[in-house]
Every structure is written in C-alpha cells, then in structure tokens.
Amino acid sequence: MTDVDNAQPRVSLAQLPTPLHPLPRLTEALGGPQLYIKRDDLTGLATGGNKSRKLEFLMAAAQREGADCVITAGGPQSNHCRQTAAAAAQLGMKCHLVIGGPKDSPVLGNLLLDVLLDATLHFTAKEAREETMTRLAADMRAQGRVPYVIPVGGSNGVGALGFVAAFFELTEQMRVQGLTFDRIVFASSSGGTQAGLMLGAALCGFRGSLLGISIDNLPDEVSESKYREAVVRIANESAQLLGYGRRFEAREVLLNYDYLGGGYGVLGERERQAILRLARSEGILLGPVYTGRAFGALLDAIQRRMIEPHERVLFWHTGDETALHGYASELVAR
Ligand SMILES: *Cc1c(COP(=O)(O)O)cnc(C)c1O
C-alpha cells in the first residue's frame, strides 16, 4: 500500500505488479547500455496497457459518483478506448466511445476489440471529440442516465494517480532486485503517464531522469512549452489530491519531439525496425503507434551515443500490440 491508495478510491482492474526484467540478448547485441523493461503490456485488461493503471482511479471515481455509463474518446486504434471498454464491462457499466476517425474505419485491432467488448461507437472528426463527448453526456442525463466523462487518454489529476502508484511499485521492485536506473524512457501523448511518473519519482526520491518520447504532432497553435505545461498541470493536480505540497514547473518535463515521423498513427521504417528488433531478440511485441516509436527513439539515442553504454536504462512498455493487426500490410509487405 502506498499513500496513493489511502488518499483516493481505487478499484482493482490491472494485474499488478507488472514484471520488471532485463533484456539480456538485446543489451549484448548493442554492447550496452543495460536495458530493462517494465511490462505494462501485461496489465491484463483485455490484454494490457498503461491506461489500466489510470482507470483503477478513474473508474473508482465514476462509481463513487454513481455513474452507470462512461464516455471517453480516442482514435480508431486507441488503446485507451479499448481498456476503458474492458473496465466498463468488468464493472457492469455501459461504455460510449467517441472515435475521432472515419465511420468506415476498418474493424481491426483495437476497434474490433471495442466492438467485442460491447462499447457503443460514435464516429466524429478528431477536432470534434470534446464537444461530441459533452453533447453525449447531456443526452444521457436527459434520459435519466448518470454518465461519467473520462478525458482523452484518461489524463487528468485522478488518472495520473495510477502512475504515481506505479512508481511506488517500481521502487519496491528496484529494492528487491537491488537495481536503480539512470533513465526511464516511455511513449508520451496526452501527458498523464509522464505527469504521474514525475510525481511518483519525486515522492520516491528517484535520482535518474524521466524521458518522454512524444508520439503526436503538435497542433499548429500549441507550442512545445504549452505541452509541457499540460503535463505540469496534471502533475500538480495529482499532487494536490495527495496533499503533497511540491509544485512542478514546465522546465522539469523532459520530452523529446524528434521522432514524430510521419505523424500520429503513421507506421514508418523506424517503428517497423524497432518492432522487429525487440520481437526477434527478446520475443516481446511492441505496438505500431506508441511503443514502436518510443523504442525506435531509444535505439536511435543509443546508436548516437546520446545514451552511454555504461548506463542502466528502463523502457516502460505501455502496451499497444493489439493495434498491430490494424497495420498488417505496413508491417510485412515490403
Ligand atoms: C496512451 C498511451 C501512451 C501515452 O500515455 P499518455 O498518458 O497519454 O501520455 C503511451 N503508450 C501507449 C501504448 C498508450 O496507449
């Protein structure tokens, strides 16, 4: 038990702790750094993924408010939507998903799982996701339902608590295994994972660095500093929920924007090579949108010696291999 459990309601959805283990064959092939992996692909919520941790707090909040349905949003291959649909099924709630994509999106990968999990899909333009969620919630209230709206990616102060708790989990595993890390590298998008890890690292006295690899193109009107501010806002919201006085600043957020490739959800050669490399050296599957890109960035940083061979580095696998099936043609037909 961490302070986090005592401070906020939590419902058990994920299989925790997720394994932490070395990647010996890949480490040897690269000649260092010593690589480890945190297996949030194994959280067990309709496969796995990082949103399972956030949903333990978000769904508990929904239950506390007496909600009978949840509404959230994402792209057609959203891991967040898939895990929310699974969590709702497990807890006996209805799930409405606002999908920012064409109505005729192929029913493959995560979108197929959303359907199997009995989520109701509402297709809209990516820019219209927020207003569509608001309108749906109003419609439901008018029908006498009690909806609970979860923001895109589950990224707010409540959701990020999942990653504060995750840092306590990691710290205990490091203690047992007699390990520490110079860096932790992970895919970053709506910011809740990074915010929670930042706060957790501060609470646990972690001395290494946390490097988020940005997966999304920045919208034209949003600058990098705005995005860092969003991470900080979430971290500070979570800190407040825990009654912790520290406030973060944007310059403390380490986010790399050099690996956006062809844009959000576009599988390029870097992602493909990273997926093949980890699959063939360690038998572990990465996903096409998030972890393939973040792991490709890590491999590139190692190759360029931006990460030194003597370091010990943790890659936090955030779990998105279910989307691979939506990218079959890009992955094999070359
Ligand atoms: C959502 C997601 C992320 C990013 O997490 P945020 O909290 O949105 O930054 C990373 N990896 C995977 C697989 C995801 O689904």
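This is a predicted model: local features need pLDDT of at least 70, side-chain atom pairs count only at pLDDT 80 or more; totals for chains, interfaces and linings use all residues.
In which loop does Pro17 lie? Pro17 is found in the loop between helix H1 (3-7) and strand S1 (20-22).

**Backbone**

Most peptide bonds are trans, and most residues other than glycine have a negative phi. Two peptide bonds and one residue described here depart from that pattern. The bond joining Leu16 and Pro17 is cis, with omega at about 0°. A cis peptide bond also leads from Gly32 to Pro33, where omega is near 0°. Pro33 belongs to the loop between helix H2 (24-30) and strand S2 (34-39). Thr47, a residue other than glycine, has a positive phi, near 80°. Thr47 sits in the loop between S2 and H3.

**Ligand site**

The ligand has 16 residues around it, and those that come nearest are Lys51, Lys54, Ser190, Thr193 and Thr318. By class, this shell holds eleven polar, three charged and two nonpolar residues. Three elements each supply at least two residues of the shell: helix H3 (51-64), strand S7 (183-188) and helix H8 (192-204).

| Residue | Protein atom | Distance to a ligand oxygen atom |
|---|---|---|
| Lys54 | polar side-chain atom | 2.6 Å |
| Thr193 | polar side-chain atom | 2.7 Å |
| Gly192 | backbone N or O atom | 3.4 Å |

Taken alone, the ligand exposes 380 Å², and 98% of that is buried by the protein.

**Helix contacts**

Helix H7 (residues 157-177) packs with helix H9 (residues 224-241) at an angle of about 80°, and their axes are 8 Å apart. An angle from 65 to 115 degrees counts as roughly perpendicular, so H7 is roughly perpendicular to H9. On the H7 side the contact is made by Gly157, Val158, Ala160 and Leu161. These meet Ile234, Glu237, Ser238 and Leu241 of H9. Sorted by class, the residues of the contact are five nonpolar, two polar and one charged.

How far apart are the axes of helix H10 and helix H11, and at what angle do the helices pack? The axes of H10 (residues 269-282) and H11 (residues 291-303) lie 8 Å apart, and the packing angle is about 85°. H10 is therefore roughly perpendicular to H11. From H10, the residues in contact are Arg270, Glu271, Ala274, Ile275, Arg277 and Leu278. Their partners in H11 are Gly292, Arg293, Phe295, Gly296, Ala297, Leu299 and Asp300. This contact has five charged residues, along with six nonpolar and two polar ones.

Note on methods: Residues are numbered from 1 along each chain as its sequence is written. Side-chain values use heavy atoms; hydrogens and water are left out. Axes are lines fitted to C-alpha atoms, for helices over the stretch in contact, and angles run from 0 to 180 degrees between N-to-C directions. Helices (H or I, at least four residues) and strands (E, at least two) are DSSP runs, numbered from the N terminus. Angles under 35 degrees count as roughly parallel, over 145 as roughly antiparallel, 65 to 115 as roughly perpendicular and the rest as oblique. Contact means heavy atoms within 4.5 Å. Ala, Val, Leu, Ile, Met, Phe, Trp, Tyr, Cys and Pro count as nonpolar, Asp, Glu, Lys and Arg as charged, and the others, Gly among them, as polar. A residue is near a molecule or strand if one of its heavy atoms lies within 4 Å of it. A polar contact is a pair of N or O atoms within 3.5 Å; within protein, one must be able to donate a hydrogen and the other to accept it, and residues adjacent in sequence count only if both atoms are side-chain atoms. Accessible areas come from the Shrake-Rupley method with a 1.4 Å probe; for residues, only the protein chains shown count as cover.
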